[in-house]
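My plan is to look up a few things and jot down each answer as I go.

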Amino acid sequence: MKKLTVLFVLLFSVKIFAQVSPKDTIRVENYPTDSISAITPKSEIEVYTEIQESNAAPSVAKFNPTKAGLYSAVLPGLGQYYNKKYWKIPIVWGGIGTGIGITLWNQKQYNRYRDAFIAQLNGQTHEFSDIPGITAEALGRTQDRAKRQRDYAIAVTGLVYILNIVDAVVDAHLYEGRKDPDLALQPTVIYDEFGKQNSKAGLSLSYNF
């Protein structure tokens, strides 16, 4: 009986140790190593294109000189707005507005003296009749001076208007060149390596090719 008991305990112990706990196991998944990758390799042309795009210079905004000129002709300052030179708009408007104002003022003065001159010739009273020494000759000279100043103001206003168009066209035409990293014009200090003169301020023109 004692031998049977010992044998039963021994078999029971072997059965307990033979069981494997699922918590103690290490799961190893075997992935196939002979599978074909779904990623298609890039061709030489695609690789070359990507290299060219990465090394290409940054794109520069371009403005049409014809459009800029037409815009400034229709409305002064509109071409500068098109070229994104907003700080020039008040200058254009100020120059043209001042010229128009001076022109209108001189035209009004010319009309006054012209009417007085005609009245003086006809022996009629006018707004300057109470001023001593007023003669038809004096009124004639005054009206001629007002007319001449009016004409000068018209010429200056027209010149500002034309310069407004020229500035818009030239600015749009040269915008790309000014933004070119290979072409640079900037102030610099000029050193005289062989002479005894002091350094001087100047302009440096750099061109890379």
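**Entry 1: leucine 139.** I started with a single side chain in this predicted model. Which residues is leucine 139 in contact with, once its neighbours within four places in sequence are left aside? I found Tyr113, Ala116, Phe117, Gln120, His126, Phe128 and Ile134.

**Entry 2: the cores.** Leu139 belongs to the largest nonpolar core, which has six residues. Helix α5 supplies the largest share, three residues. I also noted a second, separate core of five residues, with Phe63, Ala168, Ala172 and Tyr175 among them.

**Entry 3: glutamine 143.** I stayed with α6, where glutamine 143 is found. Is glutamine 143 buried or exposed? Its relative accessibility is 6%, and the cut-off for buried is under 20%, so glutamine 143 counts as buried. Not counting residues up to four places away in sequence, I see it touching Tyr110, Tyr113, Arg114 and Phe117.

**Entry 4: helix α3.** Next I turned to residues 65-74, where the buried residues are Ala68, Gly69 and Ser72. Looking down the axis of α3, I get an arc of 95 degrees that holds these buried residues, so they line one face of the helix. Thr66, Leu70 and Val74 are exposed on the other side of α3. I also looked at the start of α3: a side-chain oxygen of asparagine 64 comes to within 3.0 Å of the backbone nitrogen of threonine 66.

**Entry 5: the whole protein.** Zooming out, I count six helices and two strands, and from the N terminus on they run α-α-α-α-α-α-β-β. Of the 209 residues, 20% are buried. Among contacts with a separation of 6 or more, 48% are between residues 24 or more positions apart. The accessible surface comes to about 17,200 Å², and carbon and sulfur atoms account for 62% of it.

**Entry 6: confidence.** Confidence is highest in α5, at 94, and lowest in helix α1 (residues 2-18), at a mean of 55. A reminder to myself: where pLDDT is low, predicted coordinates should not be read in detail.

Key: Residues numbered from 1 in each chain as written. Predicted model: local features only at pLDDT ≥ 70, side-chain atom pairs only at ≥ 80, totals over all residues. Heavy atoms only, no water. Core = buried A, V, L, I, M, F, W, Y, C linked by side-chain atoms within 4.5 Å. Buried < 20%, exposed > 50% of the residue type's maximum accessible area, 1.4 Å probe, protein only. Helix = DSSP H or I, 4+ residues; strand = E, 2+ residues; numbered from the N terminus. Contact = heavy atoms within 4.5 Å. pLDDT = per-residue confidence, 0-100. Arc of directions from axis to C-beta. Polar contact = N/O pair within 3.5 Å; in protein donor to acceptor, adjacent residues only side chain to side chain. Areas by Shrake-Rupley, 256 points an atom, 1.4 Å probe, with all protein chains shown as cover.
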